[in-house]
Amino acid sequence: MSSSVRSAQLVPPLFERTAVEDFKRSGRTVSLAVSPRDDSVAVYASLNTGPHVLRSLSATYPKNQQIYLANREQAPLSERRVFVTDTSVIFAAVQNLVKVSHAKNIEMLQSDEAMRAMGKLANDYINFCKECCLYASQNISRAEPLQLNAEHYRCLWTCFSLFAVLYLPEPGFEDAPVGDELMEWLNTHFIQPSTQEGDELSSQERPWEDPSFWPYLTRTCLRGLSKASAFFLKVLSSHPSLYLQSLAQQLSSLLTNHPRLHQFSAERDFAIASRRWKDKVKTLRLELDRVPESERDDGFENWWDRFSDIVGILEGRGDVIKRVCAELRTDWKEVCSVWGIFVDTRLRRQDLPEIVAQVLDEMPPDPTDLEDTIHAALFLGKPMQALSEAAQFDIWLAAHLADLMEPIELINAEPDDSELSLRQHYVLTYAEYLRADAALWRITVDYMYACGDVGRGMADQVLMRVPLRLEAPKNTDAAAEEMARIRTGHLAGSLKDVNETCFEHQREEIRRMVCRIAAQTFIREKLYGLAISYCTSAEDWIGLGRVVDLVLEEYIAEGPERFAQLVANIAPSLHSLRMDNGAKISAPGVFLHRLVFAVRFATFHQRCASGDGHAAAFEVVSMFREEIVPKSWWAVLLCDTLKLLNDDASLFFSSNDACLLIQKLEEIHIAVGEGARDDYLPVLCRVTRRGEKHALQRLEIVRLSLAKYYAKCGAIGVGGRSSGWSY
């Protein structure tokens, strides 16, 4: 996945290649807009001048315009999607390790435990690269084609494993010789000679007559493949030259008993064994030099020259190793790896760049091969250059290498003029790549939140644009079940995921913003109980007031029956607000009182509808006495009591209750008379859908009904007996 410039063609074309001037004369230009959700680009034709100018030019163009959508990055698909998802778990573990270390004031490089944990996490990355490489190399039928081939994942594998070898050794082995580890890395990732070559040679009766025999044997000796070397040296026991037979036997013993660092518990013992082994190699050289000139060629090959090259390698002669590697068409990596095995057996990591620089002067890396240039930068101890090359190859590699480099102080952790450190730059670039697939938003924000203030700001914007999908689903049982859970007050689906992500990253303000967005959706669907719940969670008291206004608007628009149905689900939210009042969430009194009124007003109408007049009358009186009723709704509530006042079978109000209602009615008339009619009459006017004159007439009817009711109470001496009175 290279970051090179890519071009795209618009299909169907916006205009023909020969019609550019006509397009310009039409008063249009090509515009684009970038989606804040997934960085996709919309390309379209737009006007570049005013309509009046176009009319003067008599310009014409089709009214229906094409809109072309494209992504700047190819979204992760198939095995790539699995790869980025799985490795994000390791990334999260690295962040946690660094966070815990900082919390304990532990410097990573000074803590064996922390470095050991970092090494294990690097190996986890390596294993995922390996598994994806092996999977992609399988010749099997797949549900969808691979997005990236096995070669790509092989390169990721080689680069990450080389980084681990050079920069994340086991604690205590930082200053140990590195030759064995480099050779193991080389033999793991660049297998030479091939097994097929060995099989072909071993099947021959006289393999030394094959032109590939000596190159094969030399390569096995270079790579430290002692078993393969010993096998073919044993074959030389049948060679017609007695000199070669004897020398091959000695060489086989030397290769088989070659001291390797991992075989010793102390480096000193390894150094002593290596010196003794070198002495034996010198003895072999003396034996070889005694072979007469006439016996050095077997008619197929000058075996002495070939054998001498192998002994020269064992002697650690750098010039021989370079020449042999050049003849075998190997590259600088082989020379550098062999150097630590035969030339300088005590070669340490800090000394490696000097040797590599000398080798690269004679055998430079392939500039067209990004894998090779990444390897070279890592060998040379140039992590910044390695990241630059890695970003061109695959931004995943650059991001995750940088994430490991910063804690172990390979790159500077301080931000530059862009307010980003080098690590943050590469990690955020990778996060932008992930945005090509909006469904990967959870992973995207995890990477962004790990990148300081700039990253947090970017992640906040992503979270606020995650589709919550709260509208009623049109299909799929799973979506319907998810929406059902949300509508019963449970967190589910994307809403739950966003909420958990905000909590995990301590983004309370963003959580509130998302709750406000969710509340707007529930308002559109007239799920006012949920809307109030989310406004409360967001501490959006202005939004809560708007919901209450909309609820009361339902009474005005649809009447008491529909109003009571919509408010039925609000009561739990009111209870929650009252419980939280004075605690960590405290709704301002003005909004709480308006909500209480809406619920109590709906309860009043429910009581009326069910025939429970006494309870309905109690609600009316209680609301007035508790001063819950907004003045703008006094007239409406008084008019709604007419049914109770005019009931011939029962007296639902006591005389004191009736006096209270009369008092409220008189306050309305006095205020209207003093010019404050806009404070008391507009809602009643809207309910009756008549003018102010009709509203006043309705209130006169209420006055008359109250007068009659009060007189009735006086006639019998009491008011509002529970059993009522019949006439």
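Is Arg 600 buried or exposed? Arg 600 is buried, with a relative accessible area of 16% (buried means under 20%, exposed over 50%, partly exposed in between, with a 1.4 Å probe and protein chains only). This is a predicted model, in which local features need pLDDT of at least 70 and side-chain atom pairs count only at pLDDT 80 or more, while totals for chains, interfaces and linings use all residues. Residues are numbered from 1 along each chain as its sequence is written, and side-chain values use heavy atoms, with hydrogens and water left out.

**Salt bridges**
- The count comes to 40 salt bridges (a side-chain nitrogen of Lys or Arg within 4 Å of a carboxyl oxygen of Asp or Glu).
- Arg 600 pairs with Glu 619 in a salt bridge at 2.7 Å, N to O.
- Glu 619 lies in helix 30 (residues 613–625) and Arg 600 in helix 29 (residues 589–610), so the pair ties together parts 19 residues apart in sequence (helices are DSSP runs of H or I, at least four residues, numbered from the N terminus).
- Glu 619 is also buried, at 11% relative accessible area.
- Arg 507 forms a salt bridge with Asp 460, their closest N and O atoms being 2.6 Å apart.
- Asp 460 is buried, at 8% relative accessibility.

- Salt bridges link Arg 285, Asp 289, Glu 315 and Arg 317 in a network.
- Within it, the closest N and O atoms of Arg 285 and Asp 289 are 3.9 Å apart.
- These two residues are 4 residues apart in helix 11, about one helical turn.
- Arg 285 is buried at 11%, whereas Asp 289 is partly exposed at 40%.
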